[in-house]
Amino acid sequence: MDGSGMTLRGGTAEDWDAISNLLGRVFHHTPSPEERGVEGSVFEPERSLVVADAGTVVGHAAAYTRELTVPGAIVPAAHVTGVGVAPTHRRRGLFTRMMHRQLREIADAGREPIAVLWASETKIYPRFGYGPAAQRLVMNIMMREVELPAAARDGRLRLVEPLTSIAELTKVYEDLRGTRIGWSSRDERWWRFVLADLASRREGATAQHGVVYESADGPTGYALWRTRSRWNDHGPDCEVQIREVVAAGSEAYRALWQFLLTIDLARTATVSFAAVDEPLQYLVDEPRRLGSNLSDALWIRIVDVPRALTARWYAAPLDVVLDVTDSLLTENTGRWRLTVDASGKASCTRTDDAVDLACTVLELGTAYLGAVSPATLGAAGAIRELTSGAMQAASTAFGWHRLPSPTEVF
């Protein structure tokens, strides 16, 4: 308890309704009883922090225990979520207190070398060392204006009910998860959360549909979508809202997109979670008609520098001394020698050797997923090169052959 009479404490299962009410006010949404139940199904009270004022919950921050795919590996990552302060209690330092304590607890637990989040306000999280590590492509497709090349295929498409097809969807997802940077682990509980089809969230659209691409080896792709019926003076003007397209190989990928972009009575398709290097851009005959725009996606916070840097793999050999500054988790501050062998595996140890590159922990997080080059951060003045050639070598090593493809807000 501080001098204001407010208490920062760990959450409990009994706090959930009050937390749900608070987050509804913060994010300008009134949760239905159905939404409370679905969101509560993934709530981890032991990873929740609550600020209480005279017994009323006025602040909250939490994390989910999940894994995240990074270049060459899958690592435990604290999935930070549900952060907010009541409008009556803003500008009192409560947000800062929660974020500092959360980072300290993650670091002390020693399980997760990184934390990851989606930022509702992007100017907030750099204060706590989070860097913008991945973008996403948002598309508003003019369906009648784009065409995919015809291609022979051996498999077939089959309509499914998503919630009763979790086993098939899981097989496809897990077959690919190890190579798709930015994907999070999904156990049975998380699949049910992702597929929850709440009427209160449809905004006039249909229930969620699913289609599986099946080859001789079983399911190798799937797509999730819903439609919103619209008509205008010219006739049908339906919108296809594409939630997720997951495919192993170009055959399944083409077949799923061909299906989605030729649905009867539809004229527009919207996609909120596509990769910046989404292959669809290089398949269609009129890529401008995809209506592509960039948006921020995953923000990464390095919690444990040596563990984080050795958890991922690298695209080229490297031997560089990094001078890292971290004002919140001071054990990260200092000189670290990052050495990568010919296979891409790294070691990271403390050193007193001369510095090659200097940065804060935020820049390490920004470069961590391979989407943002250290050279780009150097051009912005965020990373300083003290040894000629070190920036180019680090940029080559930190890069990856595919960009991140975040698939869900958590």
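Modeller: Start with exposure: a residue is buried under 20% relative accessible area, exposed over 50%, and partly exposed in between (1.4 Å probe, protein chains only). The areas come from the Shrake-Rupley method with a 1.4 Å probe, and for residues only the protein chains shown count as cover. Glu286 is partly exposed, with a relative accessible area of 35%. This is a predicted model, in which local features need pLDDT of at least 70 and side-chain atom pairs count only at pLDDT 80 or more, while totals for chains, interfaces and linings use all residues. Residues are numbered from 1 along each chain as its sequence is written, and side-chain values use heavy atoms, with hydrogens and water left out.

Colleague: Where does Glu286 lie?

Modeller: Helices (H or I, at least four residues) and strands (E, at least two) are DSSP runs, numbered from the N terminus. Glu286 is in the loop between strand S14 (266–274) and strand S15 (292–296).

Colleague: Which residues gather with Glu286 in a patch of negative charge?

Modeller: A patch takes residues with over 30% relative accessible area and no salt bridge; like charges are joined within 9 Å, nonpolar side chains (Val, Leu, Ile, Met, Phe, Trp, Tyr) within 5 Å. A salt bridge is a side-chain nitrogen of Lys or Arg within 4 Å of a carboxyl oxygen of Asp or Glu. Lys and Arg count as positive, Asp and Glu as negative; His and chain ends are not counted. Each charge is placed at NZ of Lys, CZ of Arg, CG of Asp or CD of Glu. Here Glu286 gathers with Glu145, Glu147 and Asp285 on the surface.

Colleague: Which residues form the patch of positive charge?

Modeller: Arg90, Arg91, Lys123 and Arg127. Arg127 sits in the loop between strand S5 (114–118) and strand S6 (131–132), and is exposed at a relative accessible area of 51%.

Colleague: How many disulfides does the structure hold?

Modeller: A disulfide is a pair of cysteine sulfur atoms within 2.5 Å. The structure holds 0. For Cys359, the nearest cysteine sulfur is that of Cys348, 11 Å away. Cys359 is buried, with a relative accessible area of 8%; Cys238 is also buried, at 9%.

Colleague: Which value does phi take at Ala54?

Modeller: Phi of Ala54 is near 55°, positive in a residue other than glycine. Ala54 lies in the loop between strand S2 (48–53) and strand S3 (56–70) and is exposed, at 75% relative accessibility.
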